[in-house]
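Welcome! Please take a moment with the sequence and the structure shown here before reading on.

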Amino acid sequence: MDIEEPCIGMKFDNEENVYTFYKSYAHKLGFSIRKQYVQRVDGQIKRRTFCCSKQGQKGVDKRSEQVKFEHPISRVNCLAHMTCQLKSNGMFEVISFNAEHSHELTPTPMKHMLRSQRQITSAHKAVADDAAKAGLSTKSTIDLLTSQSGGREFNGFLDSDFRNYMSAKRRTEMIKGDGHAIMDYFHKMQLQDPSYFYLVQLDDDDNSILNVFWADGRSIIDYQHFGDVLCFDTTYRTNEYARPFAPFVGINQHKKSIIFGAALLYDETMSSFKWLFETFLSAMSGKHLRTILTDQCPAMAKAIEEVFSEAHHRLCVWHIYQNAAKNLSHVFHSSKQFAYDFSSCVYDYEKEDKWLQAWDDMLNKYMLTDNKWCNGIFEVRKKWAMVYGRHMLLSNKRYEELLIEFKMRERVPVLQADVEMLRHASKVYTPAVFKMFQDEYMKILDCIMYKVDKSEHITSYKVQCGRKDQEHLVTSEASTQSVKCSCMKFTFVGILCTHTLKILDKKNIK
């Protein structure tokens, strides 16, 4: 239904109809509204003002000054509003209207997330109550309502809204089907999404399913944007068939995990992995990745070497820690310092010779020089120790990503210091990345620096942060106003490090 723009003189039967009209108009444009002002006489509403939810400014936090968390700024003094007044004929008439907003409006894919557009109806509540009595989880109930509405964007509420109403939870049971059900499901998905990709490997003898891979259109697009680095893991297993479930996982601009595709494997042999990786490349139009993180599986490593020959193969640090805790449990339990020393060998060193010395010192200190696991992990050190890695580029999740994007548009991050560098960063970075950058920037207050060398074009500095003894070498090139640090955080993580920010600040580069 087309919603016309409000104008002075419009008339409505009652105040509720005014609210409904303005809310529909707000949804069409992409902003949320709230009831700002009401005038009552003998309990009857005589005058009502509805305003943009971004009206006003953030008030002073009345809690302690040392609060651990500040809410993002959601009010930016927007003056858009509509005011109606009760006339003698019993009609509500619009007497004031301002259409101008002081902020960017919400785009169409996110409009349903606006607060004034969300409502849990009596029908939703009835389903929630029945689900609680039946023992269904909140997620199952939300999924049920989503299937009835045709999509989360048509639910009329966010998952968090519904969880506030629902109280009963239990784990979801997945009903597993046979091969025919899988194929029926894939055919159905491909009809809904022509870009949906799937491939099934069948056994030559009995035509039974061996390996299965699938990826929808959005996963394929995500890979084109964020597929330089991915993590491949087979530690998940289905309960009934004990088959490895293998997702290809990446990280988006919000530092949230995203799925590029997934597989059910018959086994963890080199042939199965090779089939899967070749299928994955085919689904992704042949685009090769740059870095792949996996667990320490020889068959997987061999398949990666054959299919992803140009990629850097790194071992996932999480798996390294898990294996260390399992194989060196006696050392972890006998010494609280060992965990710190081991972590230092994983992360802290920038030069290989110092790392090798630290590794030998650790083995000698804890009498691990003859430990089989330590010797084995040392042989593949270039796949997990950061000293070798710094020179390398390293249907629900999507909804969460859209929600994060919506929140980013709706709120302004709180700056810990009102300086140009942070103001600029807050505009170009996502909230997750900005938080990382701001944390780095604030550390420059606790850094010391001194010049160590200067030539015609290059100046070198040493920077030391906080109570750490380690010094970092930062070089600055005058002609390009570029800086480079030995920690290589910009190459490794994607944001400037404290050490380079210290030099930029010293040079008044804002």
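Predicted model: local features only at pLDDT ≥ 70, side-chain atom pairs only at ≥ 80, totals over all residues.

Let us start with helix H12, which runs over residues 352-365. Its 14 residues reach 20 Å from the first C-alpha to the last, close to the 20 Å expected at 1.5 Å a residue.

Which residues of H12 are buried? They are Trp355, Ala358, Trp359, Met362 and Leu363. These residues cover an arc of only 135° around the axis, so they lie on the same side of H12. An α-helix has 3.6 residues a turn, so residues three or four places apart point the same way. On the face turned away from the buried side, you will find the exposed residues Asp353, Lys354 and Asn364. Just after H12, Met367 has a positive phi of about 55°.

## Where H17 meets H19

Next, look at helix H17 (residues 431-442) and helix H19 (residues 498-506), which pack at an angle of about 60° with their axes 8 Å apart. The crossing of H17 and H19 is right-handed.

Phe437, Glu440 and Tyr441 make the contact from H17, and Thr498, Leu501 and Asp505 make it from H19. The contact residues divide into three nonpolar, one polar and two charged.

## Two loop residues with positive phi

Asn77 sits in the loop between strand S3 (44-52) and strand S4 (81-86). Though not a glycine, Asn77 has a positive phi of about 60°. Its relative accessible area is 39%, which makes Asn77 partly exposed.

Ser285 belongs to the loop between helix H7 (270-283) and strand S12 (291-294). Ser285 is not a glycine either, yet has a positive phi of about 60°. Is Ser285 buried or exposed? At 65% relative accessibility, Ser285 counts as exposed.

Conventions. Residues numbered from 1 in each chain as written. Heavy atoms only, no water. Helix = DSSP H or I, 4+ residues; strand = E, 2+ residues; numbered from the N terminus. Expected span 1.5 Å × (residues − 1). Buried < 20%, exposed > 50% of the residue type's maximum accessible area, 1.4 Å probe, protein only. Arc of directions from axis to C-beta. Axes fitted to C-alpha atoms, helices over the stretch in contact; angles between N-to-C directions. Left-handed = near helix turned anticlockwise from the far one by under 90°. Contact = heavy atoms within 4.5 Å. Nonpolar A, V, L, I, M, F, W, Y, C, P; charged D, E, K, R; others polar.
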